[in-house]
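Good morning, and thank you for making time for this.

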Amino acid sequence: MVRTPGADDDGEFPAPDVERLVSDIDLAPFLGRAVDPTATPLTDPVPVSEETPPLLALRDLLTDPRFPELFARALRAIDPDFREIFPRDATGVLGEFVRAMSWALETVENARGDRAEVERVVEFARHLGVDHRKLELSTRHHERFGEALTDTLRHLAGRGWDDRLATTMDTAYRVLSTALREGAAAGHGPARVGATVVEVLRPTRDVVVVRLISDVMLDYHPGQYLSVLTPYTPGVWRRLSPSIPANPAGQIEFHVRDVPGGALSGSLVRGVGVGDRWVLARPLGMLDVDRTEPFRDVLMVAGGTGIAPLRCLILDMMRHAYNPRVHLFYGARHPGDLYDLPTLVDLAATAPWLTIQPVSESDTDPWWAGARQELPRTLHRRQTGTLVDVVTGWGSWADRQVLLSGSPEMLRATVRGMVAVGTPRENISYDRP
Ligand SMILES: Cc1cc2nc3c(=O)[nH]c(=O)nc-3n(C[C@H](O)[C@H](O)[C@H](O)COP(=O)(O)OP(=O)(O)OC[C@H]3O[C@@H](n4cnc5c(N)ncnc54)[C@H](O)[C@@H]3O)c2cc1C
């Protein structure tokens with residue numbers, strides 16, 4: 001209701017009086033740079049030697065353990081948008097920024113004028129720029145990011161900051177932000193696509209199967225993963241692999257496991273509900289079945305929700321009349337964790353080229369896992385052991401194209417174990433964690 005001065009007198013402030021009152025309060029100390037963490041000098045700045053080349057001095061400032069926390073606060077202070085763009089705990093993502101930026105500074109320093117080496121760094125930044133399209137950054141964001149970065153490094157250097165560092169930083173950041181913007185401009189397809197959760201299944205206590213319809217079709221290749229932003233942990237992007245191929249109806253399915261201690265997965269698994277809105281971006285990834293003739297048979301090894309991209313590839317193969325033989329090892333800790341087995345058995349029933357080998361580390365389910373569902377019958381009986389032990393127990397699979405998908409630990413163990421029994425390393429493909 002709009003109120004006019006003196007319209008009534010029921011004890012509330014008339015609207016214009018409220019505005020006057022608020023405008024009399026000096027809000028400056030509560031806003032923007034007043035909370036800038038770089039405002040007070042450090043008692044123990046990072047030592048900067050004049051002997052150190054400026055690019056390496058900047059790297060030393062960046063890799064100071066105080067940098068991520070100070071930079072996160074400087075970003076939040078300089079532009080409120082960064083509070084939404086970055087997660088509340090931004091140390092993880094800023095840690096990645098530090099690793100990439102220090103690699104870039106060192107590589108350019110060591111290039112000693114070698115243009116090809118410098119171009120490698122610029123190309124990497126362009127590549128990153130394509131991925132950053134999902135963040136919808138404006139020129140102002142790039143400028144503010146650069147200002148916060150320079151402020152934080154200057155703050156860490158204290159009295160050691162000089163014109164030499166300021167000029168080098170200015171040039172390095174201009175090159176970086178230009179490459180990022182060039183990359184973003186070159187990207188094609190929608191930068192991000194909204195999607196609505198339409199169904200949630202809970203096949204085990206720690207896995208959810210989430211079905212969504214995207215606002216427009218997102219064209220990914222089977223086996224690729226997407227960058228996903230959910231409402232459960234704002235600003236936290238994670239990679240998830242669709243378990244069904246892209247289709248004109250925009251239907252997408254993800255399988256997500258609760259990783260203890262993780263930033264997103266726990267709140268997603270507990271909190272996801274029908275009607276939630278997610279943001280999906282940028283299909284990426286290398287998992288693919290090589291269909292060059294003559295076909296090389298395929299070995300697939302999936303741990304837990306790592307089944308998603310491999311099952312997507314299998315579903316896609318079912319559209320072809322003729323396929324290489326696929327031997328799929330599907331493993332989990334307990335037999336009851338093999339939640340996707342019923343679907344896989346249905347697929348194998350109509351795909352004579354597909355064989356499924358269930359594997360679990362233990363023979364029985366723990367009491368707290370709830371009532372045991374009978375596992376469907378597969379051609380090969382379930383074997384007990386870790387995936388790597390069972391897979392390598394069959395031999396070296398040296399004649400196969402090998403596709404792996406699972407936790408970082410499972411990937412490491414399986415690659416190491418397979419190479420040790422004679423699988424050529426170049427035959428093994430997986431997307432790096
Ligand atoms: C290419 C790719 C595709 C992926 N696809 C899927 C998918 O389809 N479904 C899915 O559930 N997850 C998938 N992930 C993992 C996912 O991106 C998240 O890392 C995971 O959901 C945990 O997120 P988080 O924020 O809870 O924990 P994070 O903060 O990301 O990670 C916490 C810790 O757990 C480790 N970790 C990450 N994933 C696993 C895992 N599966 N098992 C054990 N430890 C793990 C991380 O290395 C880190 O040390 C994929 C990852 C990659 C790289």
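Let me start with a definition: two strands are said to pair if DSSP finds at least two bridges between them. Helices (H or I, at least four residues) and strands (E, at least two) are DSSP runs, numbered from the N terminus. In β5, Arg257 is the bridge partner of Val207. Strand β2, residues 207-214, is joined to β5 by 7 bridges, and the two run antiparallel.

A word on provenance. This is a predicted model, in which local features need pLDDT of at least 70 and side-chain atom pairs count only at pLDDT 80 or more, while totals for chains, interfaces and linings use all residues. Residues are numbered from 1 along each chain as its sequence is written, and side-chain values use heavy atoms, with hydrogens and water left out.

Now the sheet as a whole. It is open and has 6 strands, with antiparallel pairing, in the order β4-β3-β6-β1-β2-β5. Because β4 (237-240) and β5 (251-257) stand at the edges with a single partner strand each, one side of each is left without a neighbour in the sheet. From one strand to the next, the twist averages 40°; here axes are lines fitted to C-alpha atoms, for helices over the stretch in contact, and angles run from 0 to 180 degrees between N-to-C directions.

Which strands does β1 pair with? Strand β1 (residues 193-204) pairs with β6 over 4 bridges and with β2 over 7 bridges, antiparallel in each case. Thr196 takes part on both sides: its bridge partner in β6 is Arg277, and Ile213 stands opposite Thr196 in β2. Between β1 and β2, which form a hairpin, there are 2 residues.

Strand β6 also holds Arg282, whose phi is positive, about 40°, although Arg282 is not a glycine. Arg282 counts as buried, at 17% relative accessibility; buried means under 20% relative accessible area, exposed over 50%, and partly exposed in between, with a 1.4 Å probe and protein chains only. Glu136, in the loop between α6 and α7, likewise has a positive phi, near 50°, but Glu136 is exposed, with a relative accessible area of 52%. In the loop between β6 and β7 we find Pro294, joined to Glu293 by a cis peptide bond with omega about 0°.

I turn to the interior. A nonpolar core is a set of buried Ala, Val, Leu, Ile, Met, Phe, Trp, Tyr and Cys residues joined through side-chain atoms within 4.5 Å. The largest has 42 residues, and Leu61, Leu62, Phe67, Phe71, Leu149 and Leu153 are those with the most contacts inside it. Helix α3 gives the most to this core, 7 residues. Domain 1 (33-186) and domain 2 (196-282) both contribute residues, so this core lies between them; the bounds come from an automatic or database domain assignment. Leu153 touches Leu58, Leu61, Leu62, Phe67, Trp161 and Met169, leaving aside residues up to four places away in sequence; contact means heavy atoms within 4.5 Å. A second, separate core of 27 residues includes Val298, Tyr339, Leu341 and Leu344.

In α10 (residues 307-317), 9 of the 11 residues are buried, among them Arg311 and Cys312. The cover over these buried residues includes β5, β7 and α11. Ala349, which lies in α11, is by contrast exposed, with a relative accessible area of 66%.
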